[in-house]
Amino acid sequence: MTHEHDHRGHDHQNGHDELCAGSASRDPKIILPGDIDPHHRWDRPIQAPGQMQVDFEERVNFRRLHAYRLARVRQALARSDLGALLSFDQHNIRYTTSTVIGEWARDKLTRYSLLTGNGDPYVWDFGSAARHHRLHAPWLHQDHCRAGLLGLRGAVHSDAGLFSRAAEEIKSILQAEGVADTPLGVDVIEPPMMFALQRVGIEVRDSQQVMLEARQLKSSDEITLLNMAASMVDGVYQDIYEALKPGVRENQVVALANKRLYEMGSDCVESINAISGERCCPHPHNFTDRLIRPGDQAFFDIIQSFMGYRTCYYRTFSVGRASEPQVTAYQRAREWMDRAIELIRPGRDDRQDRAGVPELRRDRLRDRDGGLRPEFLPRPGAGPARAAHHLAADLAGRPHGTHRRHGLRGGNLLSRDRRRIGGTDRGGNRRYAARRAGDQPVPRAGTAHRQPLLRPGPPPCACRGRAHPMPLALASMSGEGKKPMSENTRKAPQAALPPETRLALYRLLVELRYTEESARTTSSFRT
């Protein structure tokens with residue numbers, strides 16, 4: 001894919017010419033405001049464009065993406081007490097150098113990159129891959145793309161000398177760029193490599209938090225790629241919904257999802273969890289050849305990557321109809337999530353957020369061996385972004401004496417709902433945009449504007465994260481057919497009820513619904 005250079009901020013083309021000059025500098029690299037400008041446009045919906053590049057609109061500007069990521073790493077390095085970053089993690093290498101090879105190299109620890117505060121990125125790769133980078137990665141110096149091979153996780157003995165030669169080469173670069181006397185940050189490493197670095201006089205320290213600091217604030221291009229990755233999974237869940245029926249095996253659903261994702265352009269389908277029926281508790285995080293049966297609850301989690309930006313996107317389906325305990329559990333979980341999201345604001349930390357989340361208590365949602373049913377609760381999603389993930393299940397499980405505080409910043413994303421902290425939903429998914437007569441929000445005090453709409457009628461499959469259908473009794477008691485509420489009425493503050501009271505009322509309405517349906521069924525049989 002090609003793209004026009006971005007001319008906002010400083011001139012990226014001139015910077016690229018300087019980069020390719022090939023001369024190492026002892027002066028610290030200057031980070032200009034344009035380099036770390038994420039170019040957010042919160043006045044527009046977050047786009048999920050097609051994957052092709054076109055000449056009539058800007059989609060993902062990859063040169064701007066490269067410059068932003070490298071500038072973020074330089075900024076995080078400058079704020080630390082490290083002189084350079086040595087990365088063996090595939091994702092950190094890609095973030096720093098914008099190079100990647102097959103997913104098979106993820107756990108080999110044989111590719112690595114080096115960035116000093118005074119220089120430009122180096123990358124060591126398999127010889128043919130290094131040659132490819134020299135031809136097709138013009139943002140890297142020619143002599144900074146080097147062939148290298150280490151121990152391949154123990155496959156090559158340290159006596160072969162590969163580790164010692166690599167350590168000496170790294171030491172020479174650190175000396176040339178004036179940072180040999182400062183600590184070297186490393187994310188993950190084979191022990192023989194660490195020992196070799198120490199033998200040549202290099203002080204090795206942990207750099208994982210430095211890289212996390214760099215990667216946690218996403219640019220507009222990164223957010224677009226995340227949204228594109230999520231849109232791929234949207235389509236796969238539609239396919240799963242259509243294929244899910246008694247007699248289908250879990251591994252068949254996994255095969256279907258893998259095929260569709262690779263057809264849509266996925267870099268790597270890392271994992272797909274498919275768990276149904278009695279296997280849902282405790283959650284095993286895998287899939288088997290189990291046959292799906294009528295009435296099963298089926299949970300799926302799709303972890304895949306598009307252009308290096310990954311999803312952890314999960315949904316629960318009912319093969320048939322949702323049961324009363326499932327409806328109740330969904331209501332409880334949704335309240336916990338929304339309450340936690342309401343607390344997340346820029347400048348807050350874990351201890352402030354945790355104060356507003358109710359403590360977990362033993363109740364009917366707990367199974368016989370004491371564990372809270374995982375399919376009934378939200379859990380934080382993972383991905384390339386360090387999204388603001390302090391959801392209820394995470395907060396409530398943390399001890400009061402937590403010493404590490406991770407403050408939230410304006411512009412962080414809530415990856416599960418794609419909401420921006422400190423702003424409105426920019427995903428183009430206005431909750432009341434297509435509201436029809438008879439639609440009612442979940443009865444949640446003060447947060448009705450965040451809830452999906454529930455429509456009365458035959459209950460569909462409880463899937464794709466949507467709320468369960470409105471109980472018929474609730475529809476009849478909620479004043480259906482009356483004049484719809486005005487916008488001002490919807491925004492007016494509501495009287496808050498204790499969570500226990502709301503849950504008790506909801507359970508009562510669910511029981512009334514089933515009583516009505518039972519009576520209707522009995523009447524039809526008599527007829």
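Guide: A contact means heavy atoms within 4.5 Å. Helices (H or I, at least four residues) are DSSP runs, numbered from the N terminus, as are strands (E, at least two). This is a predicted model, in which local features need pLDDT of at least 70 and side-chain atom pairs count only at pLDDT 80 or more, while totals for chains, interfaces and linings use all residues. Residues are numbered from 1 along each chain as its sequence is written, and side-chain values use heavy atoms, with hydrogens and water left out.

Visitor: Which residues of α8 meet α9?

Guide: In α8 they are M232, V236, D239, I240 and A243; their partners in α9 are V253, L256, A257, R260 and L261.

Visitor: Which residues are buried in α5?

Guide: Buried means under 20% relative accessible area, with a 1.4 Å probe and protein chains only. In α5 this holds for F163, A166, A167, I170, K171, I173 and L174. They lie on the same side of α5 because they cover an arc of only 160° around the axis, taken from the directions from the helix axis to the C-beta atoms. These buried residues pack against β1, β2, β3, β4 and α6. After α5 comes G178, with a positive phi near 75°.

Visitor: What is the mean pLDDT of the protein chain?

Guide: pLDDT is the predictor's confidence in each residue, from 0 to 100. The chain's mean is 75, and 65% of its residues reach 70 or more. Residues 1–25 have pLDDT below 50, and residues 362–406 stay under 50. Where pLDDT is low, the predicted coordinates should not be read in detail.

Methods:
Buried means under 20% relative accessible area, exposed over 50%, partly exposed in between (1.4 Å probe, protein chains only).
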